[in-house]
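Here is a short briefing for a reader new to this structure. Please look over the sequence and the model before reading on.

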Amino acid sequence: MTVRLPVAAAARPVDLLWCVAATLLLAACQSVPRPVPPAAAPEEVVAGWPARRSVLQSRPQFTAQGRIGVVAGSDGFNGRVRWVQDGPRSTVSLDGPLGVGGVRISDDAGTLTMTTPSGEALDSRAAHDELVRRMGFEPPLESLRYWIQGVPDPASPSTEMRGADGYLGSLVQAGWTVTFGAYMQTAAGPLPQKVTVERDSVRVRLILETWHSP
C-alpha cells in the first residue's frame, strides 16, 4: 500500500529550517571519499553479479548503521539510523529531530509495529499512520531491506543500470529510483556506503558507516 501525502502550498518556518538542515546533510555527505572497490575488472564484476545478487537477496541476517537525511516535500530531517535484519523481520531505529528521535520500527513480513520516543507501542494501522506522520511519507520498508544491500527487491520487476566499474550504479523499482554512490569493503564483500532513494518530492540519503554479519 502506498500513501501519497499532499505537498503543503506554503512551508512553515520550522519546516523550512529542518528542510535546510536535511539538505545541508545531503550536501555534506557528498564529501565522504569513495572507498577503493575490490581489485576486480569490471567484466569480472558483471560476470559474478547473478550469483552475488542471489546471495544478498537471500541473506538472512545483517546489521547496518549510519546517517540518514530525508527531504519530503517542504519538510525534512536528519539523524542516525540502525537497521537490523533477522530473517523476515526488519527493525529500524531512528534518532533525530522533528520528533523522530528514539523511534523504533519493526516490519515482520508486512506486520508493522512501532515504538515512539515516549515508549508508546503501536501496531497495525495505528503504527502505519504514525510512521507516515513522523516521516512525511510512507517508506518502502519491505524493499529497503534489499536496496540498502545494493540489490533489487526480488518481489517485483526492476531495471538495473551499471557503473563503469561493473557494480550496480542505480535501479528503478516500484516507482522509486535508487542510486548507489559508493561501495565499501565488508566481511560479506562489497556493500553500499552511499544510497539515495527518490520518488516525486521525497529524497532519502543514507550514508552507511558499518556493516555486520553474524
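In which sense do β1 and β11 pair, and over how many bridges? β1 and β11 pair in the antiparallel sense, over 10 bridges. Two strands count as paired if DSSP finds at least two bridges between them.

This is a predicted model, in which local features need pLDDT of at least 70 and side-chain atom pairs count only at pLDDT 80 or more, while totals for chains, interfaces and linings use all residues. Residues are numbered from 1 along each chain as its sequence is written, and side-chain values use heavy atoms, with hydrogens and water left out.

**Overall make-up**

- The protein chain has five helices and 11 strands. Both kinds of element are DSSP runs, numbered from the N terminus: helices are H or I with at least four residues, and strands are E with at least two.
- The chain has 214 residues, and 45% of them count as buried. Buried means under 20% relative accessible area, exposed means over 50%, and partly exposed is in between (1.4 Å probe, protein chains only).
- Take the contacts in the protein chain with a separation of 6 or more: residues 24 or more positions apart account for 50% of them. A contact means heavy atoms within 4.5 Å.

**The sheet**

- The 11 strands form an open sheet with antiparallel pairing. Their order is β6-β5-β4-β3-β2-β1-β11-β10-β9-β8-β7.
- β6 (121–123) and β7 (158–162) are the edge strands, and each pairs on one side only.
- From one strand to the next, the twist averages 20 degrees. Axes are lines fitted to C-alpha atoms, for helices over the stretch in contact, and angles run from 0 to 180 degrees between N-to-C directions.

**Strand pairs**

- V71 has R203 in β11 as its bridge partner.
- β10 and β11 run antiparallel and are joined by six bridges. T196 stands opposite R205 in β11.
- The hairpin of β10 and β11 has two residues between the strands, and D200 takes a positive phi near 50 degrees there.
- β9 (residues 176–186) and β10 (residues 189–199) also run antiparallel, joined by nine bridges. M184 stands opposite L191 in β10.

**Helices across the sheet**

- Helix α3 (residues 49–57) lies across β7, β8 (168–173) and β10. Its angle to β10 is about 75 degrees.
- Helix α4 (residues 124–135) lies across β1, β2, β3, β4 (103–108), β5 (111–115) and β6. Helix α4 runs at about 60 degrees to β5.

**The cavity**

- The structure holds one cavity of 30 Å³ or more. On a 1 Å grid over the protein atoms alone, a cavity is a set of points where a 1.4 Å probe fits but cannot get out, and lining residues have an atom within 4 Å of a point.
- About 230 Å³ of space lies in the largest cavity. Grid points are joined across faces, edges and corners, and the volume is the space filled by probe spheres set on the points.
- Its lining has 20 residues, of which I68, W83, V92, L144 and L206 lie nearest the centre. The elements giving two or more residues to this lining are β1 (61–72), β2 (75–86), β3 (89–95), α5 (141–147) and β11 (202–212).
- By class, the lining has 20 nonpolar, no polar and no charged residues. Ala, Val, Leu, Ile, Met, Phe, Trp, Tyr, Cys and Pro count as nonpolar, Asp, Glu, Lys and Arg as charged, and the others, Gly among them, as polar.

**Two residues and their contacts**

- A127 lies in helix α4. A127 counts as buried because its relative accessibility is 0%. Not counting residues up to four places away in sequence, A127 touches L112, T113, M114 and L122.
- P157 is found in the loop between α5 and β7. P157 counts as exposed because its relative accessibility is 74%. P157 touches V172 and Q173, not counting residues up to four places away in sequence.

**Positive phi values**

- Most residues other than glycine have a negative phi.
- S124, a residue other than glycine, has a positive phi near 55 degrees. S124 is found in helix α4, and counts as exposed at 51% relative accessibility.
- A174 is not a glycine, yet has a positive phi of about 50 degrees. A174 lies in the loop between β8 and β9, and counts as exposed at 51% relative accessibility.

How values were computed. On a 1 Å grid over the protein atoms alone, a cavity is a set of points where a 1.4 Å probe fits but cannot get out, and a pocket is an open set with protein on both sides within 12 Å along at least five of seven lines; lining residues have an atom within 4 Å of a point.
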